[in-house]
Amino acid sequence: MNGWLLASAVLIVGGLGPALYLTSRGPAVRRLVGLQLAGAITVLLMELLAQAYGQSQYLVVPLVLVVVSFAGTLVFTRLLRDRS
Amino acid sequence: MSSLVHVVGAVLAGLGVVVVVAAAIAAVWVREEYVRLHFLTPVTSLGAPLVGVGLGLVNGWTLTSATILGITLLLAITGPVLGSAIGRVTAQLDGVVEQESPE
């Protein structure tokens with residue numbers, strides 16, 4: 001256990017936990033906020049995990065996740081708008 | 001000197017984690033949807049740069065730091081765009097703005 005793993009654990013519990021709670025209850029827009037929050041926090045979490053394990057090639061994953069979660073969240077905003 | 005840079009980098013990354021956790025808890029805490037949207041921005045515009053700069057200091061002048069900088073820039077650019085898009089959907093569903101976006 002090093003400091004980066006500890007920071008990752010704090011980010012999972014304190015960051016992803018509330019984000020997943022937001023995605024699990026309430027109206028669709030509230031869940032979308034939780035989704036965007038979860039995506040951003042996961043990117044930071046993966047950066048910290050790449051540093052914790054000392055493997056810089058793991059950084060490809062958060063790099064792709066930023067772009068994909070951006071497009072995915074915009075798709076959801078489009079779908080929510082058309083549904084009403 | 002390098003150990004001081006490492007310590008500063010670790011402190012900055014830790015501050016970034018604290019900011020992100022505080023923003024996430026606050027986003028759950030508030031009751032109004034429009035206020036909740038405000039807590040998305042500290043994650044991408046404050047927490048992510050703090051973590052990115054901290055990791056960059058720890059890793060030094062390497063391709064790893066360049067990758068982390070790229071990720072941080074992408075997060076900082078896409079975060080507010082997504083926040084405004086979600087805000088627009090919320091306003092459209094509330095009937096505050098018109099349903100159809102201008103073509």
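B:Arg36 counts as buried because its relative accessibility is 2%; buried means under 20% relative accessible area, exposed means over 50%, and partly exposed lies in between, with a 1.4 Å probe and protein chains only. The side chain of B:Arg36 meets that of B:Glu33 in a salt bridge, at 2.9 Å from N to O. By definition, a salt bridge places a side-chain nitrogen of Lys or Arg within 4 Å of a carboxyl oxygen of Asp or Glu. By this rule, the count over all chains comes to one salt bridge. Both B:Arg36 and B:Glu33 lie in helix H2 of chain B, three residues apart, about one turn of the helix. Helices (H or I, at least four residues) and strands (E, at least two) are DSSP runs, numbered from the N terminus.

Let me state the conventions. This is a predicted model, in which local features need pLDDT of at least 70, side-chain atom pairs count only at pLDDT 80 or more, and totals for chains, interfaces and linings use all residues. Residues are numbered from 1 along each chain as its sequence is written, chains are lettered from A and ligands numbered from 1 in the order in which they are written, and side-chain values use heavy atoms, with hydrogens and water left out.

I turn to confidence. The model scores ipTM 0.90 and pTM 0.91. For single residues we use pLDDT, the predictor's confidence in each residue, from 0 to 100. Chain A averages a pLDDT of 92, and 96% of its residues score at least 70. Chain B averages 90, with 93% of the residues at 70 or above.

Next, chain A as a whole. How many helices and strands does the secondary structure of chain A come to? There are three helices and zero strands, in the pattern α-α-α along the sequence. The C-alpha trace of chain A spans about 50 × 25 × 10 Å along its principal axes. Of its 84 residues, 44% count as buried. A contact means heavy atoms within 4.5 Å. Among contacts in chain A between residues at least 6 apart in sequence, 54% join residues at least 24 apart.

We come to the interior. A nonpolar core is a set of buried Ala, Val, Leu, Ile, Met, Phe, Trp, Tyr and Cys residues joined through side-chain atoms within 4.5 Å. In the largest such core, which has 41 residues, A:Leu11, A:Leu37, A:Ile41, A:Leu44, A:Leu48 and B:Val43 touch the most other members. The elements that give two or more residues to this core are helix H1 (3-24), helix H2 (28-53) and H3 of chain A, together with helix H1 (2-29), H3 and helix H4 (63-94) of chain B. H2(A) gives the most, with 13 residues. Leaving aside neighbours within four places in sequence, A:Leu44 is in contact with A:Leu11 and with several residues of chain B, including B:Val20, B:Val43 and B:Leu75.

Three further residues of chain A deserve a look. A:Ser8 is found in helix H1 of chain A. Why does A:Ser8 count as buried? It does so because its relative accessibility is 2%. Not counting residues up to four places away in sequence, A:Ser8 touches A:Leu45, A:Leu48 and A:Leu49.

A:Leu16 also has its place in helix H1 of chain A, and it counts as buried because its relative accessibility is 15%. With the residues up to four places away in sequence not counted, A:Leu16 touches A:Leu11, A:Ala38, A:Ile41, A:Thr42 and A:Leu45.

A:Thr73 lies in helix H3 of chain A. Its relative accessibility is 3%, so A:Thr73 counts as buried. Beyond its neighbours within four places in sequence, A:Thr73 is in contact with A:Leu32, A:Leu35 and A:Gln36, and also with B:Leu82 and B:Ile86.

Finally, a residue with a different label. A:Val61 is in helix H3 of chain A. Is A:Val61 buried or partly exposed? A:Val61 counts as partly exposed, because its relative accessibility is 45%. The C-alpha atoms of A:Val61 and A:Gly26 are separated by 30 Å, and these residues are 35 apart along the chain.
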